[in-house]
Amino acid sequence: MAPKPKPKASAATPAISIEDLFTSLNRHIQRSKYDKSVKVSDQIIAAVPGDEDAIWCKVVALVKADSIEEALVAIKECSKKASVDLSFFKAYCLYRQNKLEEALESLKGREGSTESMLLESQILYRLGKMGASGDIYQKLQKSVVDSLEINLVAGLVSAGRTSEVQGTLDSLRVKATSSFELAYNTACSLIEREKYKDAEQLLLSARRIGQETLMEENLADDDVEIELAPIAVQIACVQQVNCNTQEAVASYTDLVKRNLADESSLAVAVNNLIALKGPKDVSDGLRKLDKLIEKSDGPQKFQLARGLDLKLSQKQREAIYTNRMLLLLHSNKMDQARELVGALPELFPGSLMPVLLQAAVHVRENKAAKAEEILGQYADKFPDRSKVTLLARAQVAAAAGHPQIAADSLVKIPDIQHKPATVATIVSLKERAGDTDGADAVFDFAIKWWSNAMTEDNKLNIIMQEAAAFKLRHGRKVDTARLYEQLVKIHGSIDALVGLIQTAADGDIEKAEAYEKQLKPLPGLKAIDVDSLEKTSGAKHAEKGPNAGAIETYEAKSKDKAKKKRKRKPKYPKGFNPANPGPPPDPERWLPKRERSSYRPKRKDKRAAQIRGSQGAVAKEAASSSDTKSNQQRSLSECRQCAIKGFIQIFKEEIEEVIQQITYVSLSVFLWILFA
């Protein structure tokens, strides 16, 4: 049988034309079907290797599909096969992966194009280089960029150049209320300039404009609230700064409960609410912050949840970690506190806050010397940022009974050491340390500074008065007389004149008599019988009336003999027999049980010794050691004790200045309880 003939080969499938492939690609792009767009792009590249349009479409489709790693691989492969410049796409993909330094490197050579400059400004903004980011936006003013003024104002505010915002808006001929985004950013600039009432009014206008704009776009009510959540948080922050605590708490609580906000705004609201409550509800604050902070096994132990590391600025992230550290200290969870504080320097290199928190942990563990060492090392390493660090070191040292270290820390702050409160504090600390010569040198420096100062509110008179009293107290009568003489010549002070006469009377009688003539005579002085006056115990208070100017003469009167008091039998308690009184009563019966010598605790407390008392109080051991000082160190006068209080007030004011610097990002931190 003859073999069957083989069937003829079917005709080849007709190839799809490039035009049809691009038509299909365009259709998929319009329908946001990015996976199919990538497949069609691959077909075009296979048919026409090196087609720039197909390569760009593939990369963009991968980026839009959030396949950033695959987009980088495609960029690398296409760059080898075709001479297509994909550096901008590579930089954007690296930016999405938060590889900011590599992204900047990829943009080199493309600085002239508008899109590259916009991307570069965003990368610099993410790196915290606000000034450089703002400069790029100013260069783009001549370019046609949509909503350029919104990002330009945001860059100026972040760079600390809020004074230029209004001038920039005038040059662009744009009103702050032209859009709700611009109104919000302009309000932030007013907050930085501490114009809180104007900022609140502009924020309210921004919310009203935003509601009208978004409702015209037919957005749902919940979507409108999510879009306007940053404005709501910022309004609450202004209320918080204006001490409208109840309104701020209500606003934050409403935002958190309704959960109608973007992730970053919600995180800010949670943080601010915790900052307002402070240590009142530590467990609730820790529970809320634990939802924002995640712990991982990678090289970076801690990170913020839900991608907040990329959405929040460095100041915002640092404030959240700081609040959690403070809550851990208040709840006495020292193991977790040590673990977190050890990771903060890596998260925020060069920042001041991790150093302060490390010192706070050591203070809580009664390791004041270690805290002083850490703060001192940071001050030496970063002298331009050492003011707050030195103030913290001085407070820790003063509370720990190290007055010399505290005084040396304050002396290293040049812009406050001439102020009366600081001078009084340093002098008091040096006296406690027994450094009289050093205290004297502090007064001499302050007198020299105020003598050369050209200010309306000159404190030279006050400083010279206190210096003279100090020198007189320590037996330096020559210097005291010189200061009093200067005060008399410059200010004509009666108190200084009296002090000068008293001081000069010991060594220079002629000078004392010469200045004594400048004293005004007292009325009725000639009518006093000096001999009779010396025999009396003192003068009586002069009463007002017709005889107010008259001075009475006193005569010595013999005292009548005291009448003999009749002895009465002592009254004993019921049932008490004086003949057999029994054992004597416990002399410690009036003391609390905890302070009696017979008291024994039920169990040994393995935790660090708790410091009881008001803020700034020291442990009993430190107090007992300070009692062994000399009588001169123990007998501090009231003015010097007030000086210590004045120093603590200075530290609080400096810390409050640091807190106010975080206002723009709408985060506040209760740092004033850091070393409590």
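The views below come from a predicted model, in which local features need pLDDT of at least 70, side-chain atom pairs count only at pLDDT 80 or more, and totals for chains, interfaces and linings use all residues. Residues are numbered from 1 along each chain as its sequence is written, and side-chain values use heavy atoms, with hydrogens and water left out.

**View 1. Packing of helix 8 against helix 9.** The axes of helix 8 and helix 9 come within 8 Å and cross at roughly 150 degrees; axes are lines fitted to C-alpha atoms, for helices over the stretch in contact, and angles run from 0 to 180 degrees between N-to-C directions. The two helices are therefore roughly antiparallel to each other. Helices (H or I, at least four residues) are DSSP runs, numbered from the N terminus, as are strands (E, at least two). Helix 8 passes helix 9 in a left-handed crossing, a term for a near helix turned anticlockwise from the far one by less than a right angle, with right-handed used if clockwise. Met130, Gly134, Tyr137 and Gln138 of helix 8 meet Leu148, Asn151, Leu152, Gly155, Leu156 and Ser158 of helix 9, contact being heavy atoms within 4.5 Å. These residues divide into 5 nonpolar, 5 polar and no charged. Here Ala, Val, Leu, Ile, Met, Phe, Trp, Tyr, Cys and Pro count as nonpolar, Asp, Glu, Lys and Arg as charged, and the others, Gly among them, as polar.

**View 2. Packing of helix 20 against helix 21.** Helix 20 (residues 334–347) and helix 21 (residues 353–364) have axes that come within 9 Å and cross at roughly 155 degrees. That angle makes helix 20 roughly antiparallel to helix 21, and the crossing is left-handed. On helix 20, Met334, Arg338, Val341, Leu344 and Pro345 meet Pro354, Leu357, Gln358, Val361 and Arg364 of helix 21. By class, this contact has 7 nonpolar, 1 polar and 2 charged residues.

**View 3. The salt bridge between Asp135 and Arg161.** The closest N and O atoms of Asp135 and Arg161 are 2.9 Å apart; a salt bridge is a side-chain nitrogen of Lys or Arg within 4 Å of a carboxyl oxygen of Asp or Glu. The pair links distant parts of the chain, 26 residues apart: Asp135 lies in helix 8 (residues 130–139), and Arg161 in the loop between helix 9 (148–158) and helix 10 (165–172). Asp135 is partly exposed, with a relative accessible area of 34%, whereas Arg161 is buried at 18%. Buried means under 20% relative accessible area, exposed over 50%, and partly exposed in between (1.4 Å probe, protein chains only).

**View 4. The salt bridge between Arg258 and Glu225.** In this pair the closest N and O atoms are 2.8 Å apart. Arg258 in helix 15 (residues 245–258) and Glu225 in helix 13 (residues 221–227) are 33 residues apart, and the pair links distant parts of the chain. Arg258 is partly exposed, with a relative accessible area of 42%; Glu225 is also partly exposed, at 30%.

**View 5. The surroundings of Leu202.** Leu202 belongs to helix 12 (residues 196–216) and is buried, with a relative accessible area of 11%. Leaving aside neighbours within four places in sequence, Leu202 is in contact with Thr177, Ala183, Thr186, Ala187 and Leu190.

Key. Parallel < 35°, antiparallel > 145°, perpendicular 65-115°, else oblique.
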